[in-house]
Amino acid sequence: MTPKNSTHHSLSRRVFATVFAVAMLVVVVFSLAGTAYVQGRLVALAHEELDNQSDVVAAALNSMPDDKFLLNHLDLSNTRITLIDTDGTVLFDSEADVEDMPNHASRPEVVEAFETGRGDSERSSSTLGEIMLYEAVRLDNGTVLRLAQEQDGYLSILVSMMPPLLGLVALGVIVSVVAARLESRAIIAPLLEVDLDHPVRNIQDAYSEMIPMLDRIETQRQELKRQMRVLADNDRMRREFTANITHELKTPLTAISGYAELIASGMVADEEDQRDFARRIHKEAGRLTALVNDILTLSSLDEAERGDAEVSNSVLGSREPVDLPRTIDTVYHRLDTVADVNGITLQLRVEPAIVFGVPRLLDELVYNLASNAIRYNKPHGSVTLRCGMEDGAPYVSVEDTGIGIAPEEQDKIFERFYRVDKSRSKARGGTGLGLAIVKHAAMFHDATISVDSTLGEGTTITVRFPKEAMQIEDLM
């Protein structure tokens, strides 16, 4: 459960806030930039006006003998006129008493006018940012005419534009709120429409940035489904294994118990019958022993696959170099009589090959493959045991001319208690665990198993060990 006091961030609100902030930032930036542009244009126009006025006034003064008379009668609105002598002394000013004015010889525009004939400058005049624009022209008599005009500065223009700017900001706020809400909903919509049960359906309408996430979700979903199928299969196999093992154990135990009870009760008086019953008890006991041994072997392999090294070494045995031809030859001699009884020809085709593995497991692997091939063969058929090197890797192969395995059953034959020919499985004998032991013994040695079979013609099962497995050259 989610704690009540936990804080969750809303993506919709975040998108809304971002869009709104960007919109407001655009309004503010454009307002400031617009003010700067207006102020710059006004200053440029004022400079141009002063430049024209200074040319006109200078021309008039150069043509008049009495400068002060002309200057006293000039009326230039918003423009201050100053006449400066060659030593910087103020000779005339339209707004101040010349007696109270300091020497202007060091003023930048005056210095520039004395040197080049014309000069200009700008200087701030108040805290609101107003600036004074100065245009100076040197007259023919050596004096300098300076015109000055006060111009609103950046802050002054911004303050004067505040009412329309506030209206613009208010309009921007309204537009931003509406746009932010619409945009945030449009951005969030594809996220809310994602179907996590079927994420691939949303890829066409999803953002490109979402595709890797949807692919990961789909991969994880498929993996979960696969794991659920595996768990279901494992549970089914466990239940089937429990039922099968119970049945397989009860069958010989029932026979042994029945025969022993008949003998113990004295119902079998004939000595020949007693020997027959004893043979049957011995046969069923052997069958029971083989079944228990196979179960213990599979249990040990299961423990080893789960990483229990102690079980692997103490029960299965330690790894060592195993000569495959010798192992196959041993199995051949153990099954030669069984093959003769069943009318099967047992053949060997061996080449040098050594595997670094557990001798007991490799022996059981070959034995179970060979005995299975004999058990499910046809009358007067053959079984060929092979080993050698293929592409630098050791292999063991058992080929028979038996009943074959249907394609849909080839992946099932390695399951515990699974039999291809169920109608005659009891007659053929076996515990039903042989190929399961083959499968787990191969996995224990990191080997792979391939099945090549045709119904009615025969089967070839090949176990290929990894190239890293020890080869005969490594021991020479």
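1. Two strands are taken to pair if DSSP finds at least two bridges between them, and helices (H or I, at least four residues) and strands (E, at least two) are DSSP runs numbered from the N terminus. With this in mind, strand β10 (residues 393-400) pairs with strand β12 (residues 458-464) in the antiparallel sense over six bridges, and the bridge partner of V398 in β12 is I461.

2. This is a predicted model, in which local features need pLDDT of at least 70 and side-chain atom pairs count only at pLDDT 80 or more, while totals for chains, interfaces and linings use all residues. Residues are numbered from 1 along each chain as its sequence is written, and side-chain values use heavy atoms, with hydrogens and water left out.

3. The strands β10 and β12 belong to an open sheet of five strands with mixed pairing, whose order is β7-β9-β10-β12-β11. Because β7 (345-350) and β11 (448-454) stand at the edges with a single partner strand each, one side of each is left without a neighbour in the sheet. From one strand to the next the twist averages 10 degrees, where axes are lines fitted to C-alpha atoms (for helices over the stretch in contact) and angles run from 0 to 180 degrees between N-to-C directions. Helix α10 (residues 359-375) lies across β7, β9 (382-390), β10 and β12, and runs at about 20 degrees to β10.

4. Within strand β12 lies T462, which counts as buried at 9% relative accessibility (buried means under 20% relative accessible area, exposed over 50% and partly exposed in between, with a 1.4 Å probe and protein chains only). Although T462 and S397 are 65 residues apart in sequence, their C-alpha atoms are 4.2 Å apart in space. Leaving aside residues up to four places away in sequence, T462 touches Y395, V396, S397, T448, I449 and S450, contact meaning heavy atoms within 4.5 Å.

5. Helix α12 (residues 434-444) has nine of its 11 residues buried, so it is largely enclosed by the rest of the structure; among the buried ones are L435, I437, V438 and F444. The helix α12 is followed by D446, whose phi is positive, near 60 degrees.

6. Another open sheet of five strands has antiparallel pairing and the order β2-β1-β5-β4-β3. Here β2 (90-93) and β3 (118-124) stand at the edges, each with a single partner strand, so one side of each is left without a neighbour in the sheet. Strands β4 (residues 131-138) and β5 (residues 144-151) run antiparallel and are joined by eight bridges, with L133 standing opposite Q149 in β5.
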